[in-house]
Amino acid sequence: MPNPQKSAWAASISFFHFLRNEGQLDKQPSIAELLNWMQLLQKRSQRLNETPHLTNAAWLEVFTASAAVTLLKHKEDQDRIHALIGR
C-alpha cells in the first residue's frame, strides 16, 4: 500500500530543490523554512486524511498554499511560482 505521507515528503523536498535551483526567486527559501513547511504539511495532511473524498486538486491547493506562506517571502516570488504550477 502506498504511503501518502512519504510521497508528500518526497514531493516537498523535490519542490524545495526546484525553488532553490531553478525557481529564479528574489529570495531563496532556507532549510529552516523547509522544515517549517514540512511540519505544516504534516498537520494539514492529518486533517485531510480525515476527509477521504478530497481530490488531487484539493491536495495540490494545500501543497502550494502552504508552500507560499512558508517558503516564498515576496509576493512576486509567489506569483511566479503560482504561474509555473498553473502550466
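Reader: Does Ser12 count as buried or exposed, and how is such a label read?

Author: The label rests on relative accessible area, where under 20% is buried, over 50% is exposed and anything in between is partly exposed, using a 1.4 Å probe and protein chains only. Ser12 has a relative accessible area of 0%, so Ser12 is buried. Please keep in mind that this is a predicted model, in which local features need pLDDT of at least 70 and side-chain atom pairs count only at pLDDT 80 or more, while totals for chains, interfaces and linings use all residues. Residues are numbered from 1 along each chain as its sequence is written, and side-chain values use heavy atoms, with hydrogens and water left out.

Reader: In which element is Ser12 found, and which residues is Ser12 in contact with once its neighbours within four places in sequence are left aside?

Author: A contact means heavy atoms within 4.5 Å, and helices (DSSP runs of H or I, at least four residues) and strands (runs of E, at least two) are numbered from the N terminus. Ser12 belongs to helix H1, and, with those sequence neighbours set aside, Ser12 contacts Leu34, Trp37, Met38, Leu41 and Phe63.

Reader: How many helices and strands does the chain have, and what share of its residues counts as buried?

Author: There are four helices and zero strands in the chain, giving the order α-α-α-α from the N terminus on. Of the 87 residues, 29% count as buried. Among contacts between residues at least 6 apart in sequence, 68% join residues at least 24 apart.

Reader: What is the average pLDDT of the chain, and which helix has the lowest confidence?

Author: The term pLDDT stands for the predictor's confidence in each residue, from 0 to 100. The chain averages 81, and 80% of the residues score at least 70. Confidence is lowest in H3, at a mean of 82, and highest in H2, at 84.

Reader: How should I read a nonpolar core, and which residues have the most contacts inside the largest one?

Author: In soluble globular proteins, nonpolar side chains tend to be buried together. A nonpolar core is therefore taken as a set of buried Ala, Val, Leu, Ile, Met, Phe, Trp, Tyr and Cys residues joined through side-chain atoms within 4.5 Å. Here the largest such core has 13 residues, and Phe15, Leu19, Trp37, Leu71, Leu72 and Ile81 are those with the most contacts inside it. At least two residues of this core come from each of helix H1 (4–22), helix H2 (31–49) and H3, with H2 giving the most, namely four residues. Leu19, not counting residues up to four places away in sequence, touches Gln24, Leu25, Pro29, Leu71, Leu72 and Ile81.

Reader: How is a polar contact judged, and which side chain does Lys73 reach with its own?

Author: A polar contact is a pair of N or O atoms within 3.5 Å, where, within protein, one must be able to donate a hydrogen and the other to accept it, and residues adjacent in sequence count only if both atoms are side-chain atoms. The side chain of Lys73 makes such a contact with the side chain of Glu33 at 2.7 Å, and a polar atom of the Lys73 side chain lies 3.3 Å from the backbone oxygen of Gln28. Lys73 is in the loop between H3 and H4 and counts as partly exposed, at 32% relative accessibility. Lys73 and Pro29 stand 44 residues apart in sequence, and their C-alpha atoms are 8.0 Å apart in space.

Reader: What does the side chain of Thr70 reach, and is Thr70 buried or exposed?

Author: The Thr70 side chain reaches the backbone oxygen of Ser66 at 2.8 Å, and Thr70 is buried, with a relative accessible area of 19%. Thr70 sits in helix H3 (residues 56–70), and, leaving aside its neighbours within four places in sequence, Thr70 contacts Glu33, Trp37 and Leu40. Leu40, for its part, is placed in helix H2.
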